[in-house]
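Please keep the sequence and the model in view while reading.

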Amino acid sequence: PIPIAIVGAGAIADAHLDALQELGGQVQCVAVVDTNAKSAEALAARAGCPSYENKEDLCASQLPDAVILCTPPAFHAEIAHFFLSQGVSVLCEKPLCLEVEDAEKLLLRARSSGVVFTMASKFRFVEDIMRARDFIQQGNLGEIVLLENTFAAQVDMAERWNSRPEISGGGVLVDNGTHSVDIVRFLLGPVAEVQATEGNRFQGLEVEDTVHLFLRCQSGVLASIDLSWSIDKKLDYYIGVYGTNGLLRIGWKESFYEGPNGGRRQVFGKGYSKLEAFTAQLRNFIGAIQGTEPLRISAAEALDSVEVVAAGYRSLAANDWAKVHCPSLHSS
């Protein structure tokens, strides 16, 4: 089994450990690292492995083949660079980084070290979304007119690190919006420009809690995205794709295609399973390390997500459309 360490022992680390244990003998969690010793010990006890309070102690004791980076975003760049420099592959939780320049440096570091580096973005690994992508690419929807995405749930964020800008880098835009941006890119291709509008800050946070995004893809197709921690739209689906030959809706419990003018509805898939998505994501990461399959999210695509979110914040500041920067790294 491939030895993997989990760095950061918060709530998302539990989901990654579930996926590690789901894969059984293919991979082994050999360590948990967290500056909070009690948190590290608790997760390590569940994994049956030692815990460490810092990355240096881990590497002095054992050097894993890979790490899953689960710390808050402000620490991603420094920790990922450390492990990539040690020749350790990194699966980094979203967002990859808070600054585009840091993400670019990590891509270069990974290439020079010859190791695998990617961003965790679970929705690319949801079976219904993968089937929807095939459906779109085969032309079954005709010309795509619009994609809609909603991640809106009422959650009290006052005591969570996600609402502390010095740690999170922003609010709901960088938190939930990173998922949205990656979904749009996966289904429609690269994003060219962004328009972001912020609603009232109902929770009195230092960061935005409700945002609407318009994304224009390089193909010209528009995406409309609702993000909120303060409202719950109570929708059965979270993605709608509308084409000249019908529509797709991707839901939490089922997904379907419907022909034009209220035509026949064809149900496909079984909805969203967090465990299945995380397990498929980890399996892809392992396959890339072993050289048996390509990454479903390339490092350049992970950089794209950082750029689009950064453009979203520029749009908020300017109250106007913001173009997405496309550095030369993308072509290589």
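## Backbone exceptions

Lys-234 is located in the loop that links S10 and S11; strands here (E, at least two residues) and helices (H or I, at least four) are DSSP runs, numbered from the N terminus. This lysine is not a glycine, yet its phi is positive, at about 50 degrees. Lys-234 is also exposed, with a relative accessible area of 69%; exposed means over 50%, buried under 20% and partly exposed in between, with a 1.4 Å probe and protein chains only. Asn-319 lies in the loop between helix H10 (299–318) and S15, and it is exposed at 64% relative accessible area.

The peptide bond from Lys-94 to Pro-95 is cis, and its omega is near -15 degrees. Pro-95 belongs to the loop between strand S5 (89–93) and H5. Most residues other than glycine have a negative phi, and most peptide bonds are trans.

## Basis and confidence

This is a predicted model, in which local features need pLDDT of at least 70 and side-chain atom pairs count only at pLDDT 80 or more, while totals for chains, interfaces and linings use all residues. Residues are numbered from 1 along each chain as its sequence is written, and side-chain values use heavy atoms, with hydrogens and water left out.

The mean pLDDT of the protein, the predictor's confidence in each residue on a scale from 0 to 100, is 95, and 98% of the residues reach 70 or more. Over residues 328–332 pLDDT stays under 50. For that stretch the model has nine contacts beyond four places in sequence, a contact being heavy atoms within 4.5 Å.

## Strand S1 and its partners

Strand S1 (residues 2–7) is mostly covered, as five of its six residues are buried. S1 runs parallel to strand S2 (residues 27–33), joined by six bridges; two strands pair if DSSP finds at least two bridges between them. Ile-4 has Cys-29 as its bridge partner in S2. S1 also pairs with strand S4 (residues 66–69) in the parallel sense, over four bridges, and there Ala-5 is partnered by Val-67.

## Cysteines and a buried alanine

How many disulfides are there? The count comes to zero, a disulfide being a pair of cysteine sulfur atoms within 2.5 Å. Cys-29 is in no disulfide, and the nearest cysteine sulfur, that of Cys-49, is 4.0 Å away. Cys-29 is buried, with a relative accessible area of 8%. Cys-97 is likewise in no disulfide, with the nearest cysteine sulfur, that of Cys-92, 6.4 Å away. Cys-97 is buried at 4%.

Ala-110 sits in helix H5 (residues 100–113) and is buried, with a relative accessible area of 5%. Beyond its neighbours within four places in sequence, Ala-110 contacts Leu-84, Val-115 and Phe-117. The C-alpha atoms of Ala-110 and Val-90 are 8.9 Å apart, although 20 residues separate the two along the chain.
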